[in-house]
Amino acid sequence: MRQPPGTLARYTTVARLNHWITAALLILLALSGMALFHPSLFFLTNLFGGGSYTRAIHPWFGTVLLLSFVLLFIRFARHNLWERDDTRWIGSIRSVLANDEEHAPEVGRYNAGQKLVFWSMTLLILMLFASGIVVWDTYFFPYSTIGQKRFAQLVHSVAAVAIIGIWIVHVYAALWVRGSVQAMTRGVVSAGWSWRHHRKWLRETAHHRATGE
Amino acid sequence: MADFQSLDVLRRSASTETTPQIRAHPEVAKLIDVSRCIGCKACQAACMEWNDLRDDVGYFEGSYNNPGDLDPSTWTLMRFTEWEDPKGNLEWLIRKDGCMHCAEPGCLEACPSPGAIVQYANGIVDFISENCIGCGYCVKGCPFNIPRISQADHKAYKCTLCSDRVAVGMEPACVKACPTGAILFGTKSDMTAWAGERVEDLKSRGFDEAGLYDPAGVGGTHVMYVLHHADTPSIYAGLPDQPSISPVVQAWKGVMKPIAMAGLAFTAVVGFVHWMVAGPNEVQPEDEARGRDVLNEKQP
């Protein structure tokens, strides 16, 4: 891909597509799930063709999301391993939130906040899929007791609320840190953005370029 | 809609509207006197006939229970138990199983679809099939394991207490068919009073623990049993000793809903306030200059 001068490639086209398919499914799941969670939001079932269709399609959204997220996980997991600097970065979270990152440790491809979002999403998606299977009565009714189904339903709703909360944090952070959204839409970020937010990653990328990789 | 008028609805699933209170309704109840039941299954046949339901022919599995369990087409079922009392005497316990029509119905509590489950002011809990979405939450809400989801249409079914018959002043089909008077139907107060006489009679015949099953944990029921061993209901094919809506269901359908909504709203508000206070984190011209320096190998 030809990219403008002074920019760095951050996400390949396939990675971006993978991300947005997952994102779309997460939103569809949140809307259809909230519709069945709270009576005040039951009207959202109209988006999916009524209550029965919502009930029927929600677990299929979940299945496709899981498959899509597995690919995303394979793509991103190795960049999200926790390092000592991440803990130090969390220690200076106050200045980061005040838009002053100079006093925080230099950040690689992902900062500690992004890593926490990644691992929270991973854990919650696994919980949601496992508990979701238990209450997917159309295919899996005979394989669990009613007591287990009740428990799974509670786990499913708690995890769902948690993942929507994480999603709000993820979206807000992308909007707050200017120049981040284009990483996932166009795939590139500016050198200034990289210097400001992911300095270690910028140095590594520059080094790779210089050594011809 | 159902066979009753909207004036007769006391509770409606997943709805916040106040239900009509203007009319005075006597509560009804079906009383099943286990001590007078002979296990003839006339009630089961009458239920099939009136509701026009025909289950598939199943297989004999070594039990008088036929079919083996409640299902979408079997809304009432005689359950047979061979039980030995502490003295070693065999008793054949026969219980007509089906919806208990709880005063505080767990199914209705759990149901997410507005108006798919209603409770009429006379106490009958009814599934309004046209509103049912087949999610199975009622199955999780019920303390008695009664609702069954049909694989044919993905809707939940159970005993209606013949709400269509009761609405026009008739007794439920099972009551009409019972040849021994083991099933009675009337106002809840009349049935409770009659049960009291039966319990006295049973006690005089040596069943010291005889009593009425009208469990308080679900606010009482509109199907009640006279049991000769009311101290241990569970010997009657697993009738719950102290039924109540599971705390797990109560957490999911009770405290969880407002906490979840408030929590998510709070998260969004925190984001907004942060934006107001700190503002966007923007790349500055000097960041751009230094970033380009690094890219061009002029290490700062």
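Strand 2 of chain B, residues 28-33, is joined to strand 11 of chain B by four bridges, and the two run parallel. Strands here are DSSP runs of E with at least two residues, helices are runs of H or I with at least four, and both are numbered from the N terminus. Two strands pair if DSSP finds at least two bridges between them. This is a predicted model, where local features need pLDDT of at least 70, side-chain atom pairs count only at pLDDT 80 or more, and totals for chains, interfaces and linings use all residues. Residues are numbered from 1 along each chain as its sequence is written, and chains are lettered from A and ligands numbered from 1 in the order in which they are written.

Stay with strand 11. On another side, strand 10 of chain B, residues 211-213, joins strand 11 of chain B by three bridges, running antiparallel. Look at B:Tyr225. B:Ile32 stands opposite B:Tyr225, and B:Tyr213 stands opposite B:Tyr225 too.

Now the side chains. In a regular strand they alternate between the two faces of the sheet. Here B:Val223, B:Tyr225 and B:Leu227 point one way, while B:Met224 and B:Val226 point the other. Buried means 20 or more other C-beta atoms within 10 Å of a residue's own; exposed means 12 or fewer; partly exposed is in between; C-beta atoms are placed from the backbone.

Next, the cores. A nonpolar core is a set of buried Ala, Val, Leu, Ile, Met, Phe, Trp, Tyr and Cys residues joined through C-beta atoms within 7 Å. The largest has 84 residues, and B:Cys111, B:Ile117 and B:Cys138 have the most contacts inside it. Strand 11 of chain B, residues 223-227, gives the most to this core: five residues. A second, separate core has 18 residues, including A:Leu25, A:Phe69, A:Leu128 and A:Trp167.

Last, the interface. Contact means C-beta atoms, placed from the backbone, within 7 Å. How many residues of chain A are in contact with chain B? There are 41, against 43 residues of chain B. Helix 7 of chain A supplies the largest share of chain A's side, 14 residues.

One residue from that helix. A:Ala173 sits in helix 7 of chain A. A:Ala173 counts as partly exposed because it has 17 C-beta neighbours inside 10 Å. Its C-alpha atom is 9.0 Å from that of A:Gln114, 59 residues apart along the chain.

Technical notes
Two residues are in contact if their C-beta atoms, placed from the backbone, lie within 7 Å.
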